[in-house]
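User: I would like to learn how to read a few features of a structure. Please give me the general idea each time, then the case at hand.

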Amino acid sequence: MNNEQIVLAERPEGLPGDGVFRYEDVETGEAGTGEIVIESVYISVDPYMRGRMNDAKSYARPFELDKPIESHIVGRVTESNNGGFAEGDVVTGVLPWKKFNIVSEDTVNKVPSTDVPLHLYLSTLGMPGQTAYGGLLNIGKPQEGETVVVSAASGAVGSVVGQIAKIKGARVVGIAGGTEKVDYLTETLGLDAGVDYKKDDFAERLAEAVPDGIDVYFENVGGPVSDEVFNHLNTFARVPVCGAISSYNSKEDNGPRVQQKLIKSQALMQGFLVAQFKDDFKDASEQLAQWVQEGKVHSEVTIDEGFDRLPEAFRNLFTGDNFGKQVVKVSDSLD
């Protein structure tokens, strides 16, 4: 069977250009005993993948040069030599960027239900939802009546954070870029206020939105946005640090210099990885699914179509040209 893959051709300098990605025609091969063939249907692109393109020690091993890039994928079983899977089963897992993958049973999991849009298993019902749930509730611990601020609040993680904080009774302020995204925060997600970081009066608008200070800041971006947010931290504020996307493609010293502000506010600032909450994944998945079914958590997704769209979709994460969770649909086999 003809197949196609995308490999890491070179280490990027700044925003990854087309030369970083190389398309290759390969043979699919045949499934061995206990193995299954997975056709990729939806492929996720996520900001953390930028760090894996560097040859540097981190919490996840770097992508290897001349080897396929990998990310979370929703796929369909097209052939099975494993009694636990049947042709047509829908599965999810971290897989190489290939149209078809041959894997062992411990590589993927069947999705709990096909009665929801399947791309949700790459967003609210997948890793981004778990990240939002675990980071906010275990580190941020928002209380009723407190003020929660979320950066990148229209994104895959931030949008779920804001809605969970509202469910918990907090006053929630979202930060996003552009009028459309800011309106989405208040009109669709139901947040109490939205602030546009691209506007010249961002600092003044943020101050107006948090008159009682900030009790929880869910950090996704770093850089000048967060520099401003830290000026409003209340005593004993909590800052779950999920990401710092503003610096992922930069070689500059991006700050911020937060030490004095943390001392003055006696705030807790804690970085985290979603894997540290793995013991709670099952309960979190059930709760997130319930909130989705009840209409309490809304998910926005940008779906590009075509295997060849993966590099551009990935770049859109850093330019702000996507809205919500970014995925690429590479097959119509589940339509």
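User: Where is Gly14 found?

Analyst: Gly14 is found in the loop between β1 (2-8) and β2 (21-27). This is a predicted model, where local features need pLDDT of at least 70, side-chain atom pairs count only at pLDDT 80 or more, and totals for chains, interfaces and linings use all residues. Residues are numbered from 1 along each chain as its sequence is written, and side-chain values use heavy atoms, with hydrogens and water left out.

User: Which residues does Gly14 touch, not counting residues up to four places away in sequence?

Analyst: Contact means heavy atoms within 4.5 Å. By that rule, and with residues up to four places away not counted, Gly14 touches Arg50 and Asn249. Compare a separation in space: Gly14 and Glu64 are 18 Å apart, C-alpha to C-alpha, and 50 residues apart in sequence.

User: Is Val111 buried or exposed?

Analyst: Buried means under 20% relative accessible area, exposed over 50%, and partly exposed in between, with a 1.4 Å probe and protein chains only. Val111 has 10% relative accessibility, so it counts as buried. Val111 sits in the loop between β7 (109-110) and α2 (127-140). Beyond its neighbours within four places in sequence, Val111 contacts Val90, Val91, Thr92 and Tyr121.

User: Which residues of helix α4 are buried?

Analyst: In α4 (residues 179-187), they are Lys181, Val182, Tyr184 and Leu185. Seen down the helix axis, these buried residues fall within an arc of 155°, so they line one face of α4. The arc is that of the directions from the helix axis to the C-beta atoms. Glu180 and Glu187 are exposed on the other side of α4.

User: What covers the buried residues of α4?

Analyst: The cover includes β9 (171-176) and β10 (193-196).

User: How many aromatic pairs does a search of the whole structure find?

Analyst: Rings of Phe, Tyr and Trp (its six-membered ring) pair if their centres lie within 6.5 Å; planes under 30 degrees apart count as stacked, over 60 as edge-to-face and the rest as tilted. The search finds eight pairs. One of them joins Tyr184 and Phe323, edge-to-face, at 4.9 Å centre to centre with 85° between the planes. That pair links distant parts of the chain: Tyr184 is in helix α4 and Phe323 in the loop between α9 (310-319) and β15 (325-329), 139 residues apart. Both Tyr184 and Phe323 are buried.

User: Why is the pair of Phe314 and Phe318 edge-to-face?

Analyst: Their planes stand at 75°, with ring centres 5.3 Å apart, so the pair is edge-to-face. Phe314 and Phe318 are four residues apart in helix α9, separated by about one helical turn. Phe314, at 0% relative accessibility, counts as buried. Phe318 counts as buried at 19%. Ring pairs link Phe21, Phe314 and Phe318 into a cluster.

Notes:
Helices (H or I, at least four residues) and strands (E, at least two) are DSSP runs, numbered from the N terminus.
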